[in-house]
Amino acid sequence: MAIRYALPNGLTVVFDENHAAKVAAFQVWVKVGSADERPDQAGLAHLHEHMLFKGTERRGPGEIARDVEAHGGEINAWTSYDQTVYHIVIASQFARTGLDILGDAVRRSSFDAEELAREIEVVCEEIKRSQDTPSRRASRDLFSTVFQTHPYRLPVLGTAESVRSFTREKVLEFYHRYYTPKNLVLSVSGDLSEAELRGWVDEIFGGDWGRPYEGAGKRPEEPTPTGRRVLLRPDEVKEAWLHMAFPIPEASHADTPAMDVLAMIVGQGDASRLTREVKRKHNLVNDIHAFSYTPQDPGLFSMSMTLQPGNLERALEEASKALATLRVTPVAADELSTAKALLEAEAVYQRETVQGIARKMGFYQSGMGSLEAEARYYEGIRSLTAEQVRAAAEKYLRFDHATVTGLLPHGTTFTEDQVHAVLDRVERGPVAAPPERKASKVSVGEPSLRLGAKTKGPSEIITEKLPSGATIMVRVEPAVPLFAMRAAFMGGLRYETSADNGLTTLLSRSLTRGTPTRDAEEISQLVDIYAGSMGGLSGRNSVNLRGEFLSRHFESAFRLFADTLSNPSFPEVEVARERALMLQDILTREDKPSSLAFDLFNRTLYRTHPYRLPTLGEKESVEALGPEALRAYHARYMDPSQLTLTVVGDVKVDEVLALAREYFGASRGKAAAAPKVTAEGPLEAARQEKRVLAKAQSHLVMGFRGLRINDPERHALETLSGVLSGQGGRLFVELRDKRSMAYSVSSFGVEGIEPGYFAAYMGTSPEKVDAALDGIRAELKRIRDERIPEEELERAKQNLIGTHEIALQRNGARAGMMAMDTVYGLNLDNFLHYAEHIAAVTSDQVLEVARQVIDFDKSVLTVVGP
């Protein structure tokens, strides 16, 4: 049960004691965001997010991140219109250290003038990155059109001009006004006691901070719209981005639960009305969804879609008809029950991690005024009637107050007059009947918000080999009433050729689109009824099906998962739809330049091996794929004899094994041996490729041939990457912190069944590319030529071990790692012994693997940008 109390200085503390994992999360919610800025402060709240980790009275630049990572923790922050949030997740044995670091940053940031100048350049790189992202450009157009007066119309990041205008004095003025105890909420969850926490908080956050709270500034109110607003503009995009939005009240309003339910029904998930009608029935869009955005002040209900330009008018009309129907016809009882159950189940999924719990408490206490607001919200959800949902739709989804914005590929002929004509037609025309929904025999019931026994830890891993050859693994984790499943098979990109490239991606996308007894719509509805998620995954070395569900639906969800996995029918119409969406994704690759840089890198590093191929495929190969190819692959390489199935969560072992034997106990008899993969020859010389693309940033990847999944030196290479990466790593400190070259810079190893690669990545301004490359080369040369100091090595190792444990809080993450360890023949080595392996790495081993891998005469460099 969460507790709340306040310090004498006004700071509010909320705490949830949770011993499910040896981890603690600390979050400071500052009740100030970009909407509180004056015109001369645009982007200042977000700049504080960057500057608070740049040094304090006790810790110099870079020390905060290094300190956290040295204790196996993660530190980061985010800024919204209404709040700025600083968060640390750390092993509970170092909980006090984590809280001290966070308190020091929030309370005593030094705002060094030279550090400020450098960080301003980093923020400008972040702004450039957002300018290269179509979704961000489309969102900015939407908010700047919906809001004409309120600060929500302005970008959270500010502009390069506004950010470059900030002085240390202006930063300190903002800091002293808002970073004061009465304006803060400290949200804590994890493996520590209330008595411990109270003592630490008094010591770290207590006393007079010397900056009394002056109160929040008054934000200008947005006038009630008097008509429609339309903004359509040509843009450098390969597909159209269209938004339609309606003004709605703020988060604390009594109608918020109804708007969230409306958004769930109309546009969230494969079973939603917009997906079923506009995407699946009429094939008019590549993607479509709806959301209810309810911040501190009145927000918006938005429907967004990406689509081919020729479908704009008809897609807008069909989507508008779906909204108009909700205004007139109450939703069916089962549809309403499912939407309500899904919203309530979100609270259960959030309890899988301590940071999820802390985030929920921080939001309700700082944004809604109290922890009790959560109970009121869910009571509002539970008590909603179909008539109340219809009345909310009628009240807010008014086409005379709609805002429509769009980014359109050059040459698109879609005008403001057409938008008005469509909306007038829908407004005046007959209301369409609600889309038919398959009757379900499954009772949704009330979602269980109970928690399992917090004191009872996970079970041993139970493994059974079935007569078919399938490997079944179960681990009981009773802390939260959820369970996760992962079915894994060898395969993926390694099993493809140039002729059928994209096959396993198309298969994974089509796997859940029908069986002999269930069509795609019924599968989607059942996944929602079980308050879960299910989908295929395809990578370089494997093909997977993953699922997560509420435990009380265990048997039904398992049977749905097993039927989908064992008996996919790959209907022609469904495969054709998924193929068309893949072809559209291939067409829009240029809208994701960082991904394009890695595609180019793989194609340059590998000349013959399938790793050279893009996982999405190429236009010619994907166009040739059909249901028969998918059925043939499934029969050859996804037989029970080739299956590894993991189940983790609040389950009973005997029930899991009984169902596994029923579905996977016998082979289908058509399994084939893995195809022969031709070994890639060695690099004889350095290779370099550039792709010219008109963007604000350049994206560069420099790398080398790497290691295999089972290589005994892989832990040393991962430790090497840990020294380079992270906020305390050499690349980040040297190239971002000290030289302001990038917002994004990192290194990583990607192992494969055959040798993978080790690479460094950076996104930077075009004029900085040469200097950035020199900087990356210098750091790679230094780590190859010089032994890493013990203190730095220990920091990297602790960080790897800690972030590994933090990531494994979720059932899905545990099920995934168990499955991949087993399918790759590692015998749960990573899952059970990762920390031991990393802890045993020496500086000599890191130096040895660096000299083995980093060879500039056999390097690959790819650049995508202007």
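This is a predicted model: local features need pLDDT of at least 70, side-chain atom pairs count only at pLDDT 80 or more; totals for chains, interfaces and linings use all residues.
1. **The six-stranded sheet.** Six strands make an open sheet, ordered β1-β2-β6-β3-β5-β4. Its pairing is mixed. The edges are β1 (3–6) and β4 (74–79), and each of these pairs on one side only. Direction ignored, neighbouring strands are turned by 15° against each other on average.

2. Strand β4 is joined to β5 (residues 84–91) by 6 bridges. The two run antiparallel.

3. **Helix α7.** This helix covers residues 168–178. Which of its residues are buried? They are Lys170, Val171, Leu172, Phe174, Tyr175 and Tyr178. Note that a lysine is on that list. The cover over these buried residues includes strands β3 (23–30) and β6 (184–190). It also includes helices α1 (44–51), α3 (95–108) and α4 (113–131).

4. **The five-stranded sheet.** A sheet of 5 strands, also open, has the order β7-β11-β8-β10-β9. Here too the pairing is mixed. Strands β7 (229–235) and β9 (287–293) are the edges, each pairing on one side only. From one strand to the next, the twist averages 10°.

5. Strand β7 runs parallel to β11 (residues 403–409), with 7 bridges between them. In this pairing Arg229 stands opposite Thr403 of β11. Helix α9 (residues 256–267) packs on the sheet and touches β8 (240–248), β9 and β10 (299–307). The direction of α9 makes about 175° with that of β9. Helix α16 (residues 416–428) also packs on the sheet, touching β7, β8 and β11. The direction of α16 makes about 135° with that of β7.

6. **Strand β22.** Is this strand buried or exposed? In β22 (residues 860–865), 6 of the 6 residues are buried, so the strand is largely enclosed by the rest of the structure. Val860, Thr862 and Val864 point one way. Leu861, Val863 and Gly865 point the other way. Both sets are buried.

7. **Partners of β22.** Strand β18 (residues 687–692) runs parallel to β22 and is joined to it by 6 bridges. Arg687 stands opposite Val860 there. Strand β19 (residues 698–705) runs antiparallel to β22, with 5 bridges. In that pairing, Met702 has Leu861 as its bridge partner.

8. **Aromatic pairs.** The count comes to 29 aromatic pairs. One of them is Phe483 with Phe549: the ring centres are 5.8 Å apart and the planes stand at 35°, so the pair is tilted. What does this pair connect? Phe483 lies in β14 (residues 482–490) and Phe549 in β16 (residues 542–550), so the contact ties together parts that are 66 residues apart in sequence. Phe483 is buried, at 0% relative accessible area. Phe549 is buried too, also at 0%.

9. **The cluster around that pair.** Phe483 and Phe549 belong to one aromatic cluster.

10. **Arginines over rings.** Arg198 lies over the face of Tyr5, 3.9 Å from the ring centre. Arg359 places its charged end over the ring of Trp78, at 4.1 Å from the centre.

Conventions. Residues are numbered from 1 along each chain as its sequence is written. Side-chain values use heavy atoms; hydrogens and water are left out. Rings of Phe, Tyr and Trp (its six-membered ring) pair if their centres lie within 6.5 Å; planes under 30 degrees apart count as stacked, over 60 as edge-to-face and the rest as tilted. Helices (H or I, at least four residues) and strands (E, at least two) are DSSP runs, numbered from the N terminus. Buried means under 20% relative accessible area, exposed over 50%, partly exposed in between (1.4 Å probe, protein chains only). A charge sits over a ring if NZ of Lys or CZ of Arg is within 6 Å of the ring centre and within 35 degrees of the ring normal. Two strands pair if DSSP finds at least two bridges between them. Axes are lines fitted to C-alpha atoms, for helices over the stretch in contact, and angles run from 0 to 180 degrees between N-to-C directions. Contact means heavy atoms within 4.5 Å.
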